[in-house]
Amino acid sequence: MKRKKKYAAVRAAVLGLAASLLLSGCSVTGLDARALMHPPRPTGEKADIYALLESKAGKNFTLKYPAAGEYRSAIIQHNLCGDSHPEAIALYQRGDDDTSVNILFTAEENGKWQDIGSFSNPGAQVDRVCFGDLDGDGTDEVIVGWGSSAGSASTISVFKYAQGKMNELKLDQTYNEMALMDFDGDGKKELFTANLSTDDQQQFTASLFRLKGTALQLMGSIRLDTGISKFSGISVGDISKGQTGVMLDCVQTNGKSLTELLYWDKKEKMLQAPLYNAQSPQQNVTLRDLSVNSSDVDNNAILEFPIVTRLPGYTGAASDDVGNEVQWNRFDAAKGSYTTVSSMLINARDGYRLILPDKWKDTITTKQDISARKLTVYTFDLSKGAAGSPLLVVQIFSKTEWESKPHTGFTEVLTDGGLVTAISCPTPKAALAISAQQLKKDFQTVTTGT
């Protein structure tokens, strides 16, 4: 009996901690918040929030978690009223037979948490929750994307605090991808959406909206590529010096990828898509077999987009990342052109990428030994169409293997968990040779989305 009481006490303490973290929007390693769909009752300040949620949802409620975006908790705290204390937002379903999703807004008033708005949406899922000041009044609105289990386009609701309560603005707008940012530099955020059509063409349309009063006003819209099956990524930020915008990575029905760059032209008052060619859409310079998304590769707060070219003489599949050179390009909005800022070899299988030296441009090829986890870079003679001397060998070792015995001629360049990436330069006197110490600084760990 004592053992059971001790176990119950420990279990209650752990679950109480998990519930407290859940209500604050945090998580703890080893505890899956999704497994606690109906969290145990917390104590202290959070108890009032829980009691209010339970009074609205009933005893058999299920928490609903956003599938995408920055905020992934079912209970989120954020300042919505413009005071010094954050409000709480709860997403839930009432019971097993309830297919709609409910959202409850609560605020602390005189030491008690009060209901300041409760709403229901027929969507079966919550796609994402975003926050941003859409009307310039200094307080954030809540933008909720409601998804469906069928994976079709999501609908949008905007919730705004006014006169002591939250008010819902239901928008006649759907999206397959969405972003929130100040696109026109007026100090207010605008809503960007990308929609895939459901007809045979599978064309996608990009649109930009601003909030005017209680309605969403279309600022501009543009129809882009056909044959798009899905969006693989969206990057939002500066796409040129002093110019904000979006880079949208797309996957075609044939499996190829491409990137569209979109921004609001303040002078022309319209959405611009400089990489899109309506007369010849297949001429998009970013069209590629390789699955690689836009990124700020040099960490200078300006986004770059990839152009992928085949390495000369490579004999593997077109989609082999190590058989391609990825050129990262920066757009110049003032000139309407772009320049290459760096070129890379990417080996996603083994988790690294290498910034290519300028003198290796059009002069190298690669060969990969997957079972040995080895990549070799060779010189390539374009006139003869043949590979020459090996310039670089990249080898993956287990950490135990690396530390247990010497590996003569190899230099460690990356360590990631239990693996070591090491390189050797077998022909140091070759005309294109570069020392291991020089190459070491050009190796980077591959992160998700590269």
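## Overall picture

Of the contacts between residues at least 6 apart in sequence, 45% link residues at least 24 apart. Keep in mind that this is a predicted model. The protein has 4 helices and 27 strands. Of its 450 residues, 47% are buried. The exposed surface comes to about 22,000 Å², with carbon and sulfur atoms supplying 48% of it.

## An open sheet of 5 strands

Here's a sheet worth a look: 5 strands line up as β18-β19-β20-β21-β27, forming an open sheet with antiparallel pairing. At its edges sit β18 (305–310) and β27 (443–445), and each has a single partner strand, so one side of each is left without a neighbour in the sheet. From one strand to the next, the twist averages 35°.

Now for the β18 end. Strand β18 runs antiparallel to β19 (residues 324–332), and 6 bridges join the two. As for individual residues, Val 308 has Val 326 in β19 as its bridge partner.

## Two residues with positive phi

Gln 163 sits in the loop between β8 (154–162) and β9 (165–175). Its phi is near 55°, a positive value in a residue other than glycine. Gln 163 counts as exposed because its relative accessibility is 83%, and the cut-off for exposed is over 50%.

With a relative accessible area of 69%, Asn 299 is exposed.

How values were computed. Residues are numbered from 1 along each chain as its sequence is written. This is a predicted model: local features need pLDDT of at least 70, side-chain atom pairs count only at pLDDT 80 or more; totals for chains, interfaces and linings use all residues. Side-chain values use heavy atoms; hydrogens and water are left out. Two strands pair if DSSP finds at least two bridges between them. Axes are lines fitted to C-alpha atoms, for helices over the stretch in contact, and angles run from 0 to 180 degrees between N-to-C directions. Buried means under 20% relative accessible area, exposed over 50%, partly exposed in between (1.4 Å probe, protein chains only). Contact means heavy atoms within 4.5 Å. Accessible areas come from the Shrake-Rupley method with a 1.4 Å probe; for residues, only the protein chains shown count as cover.
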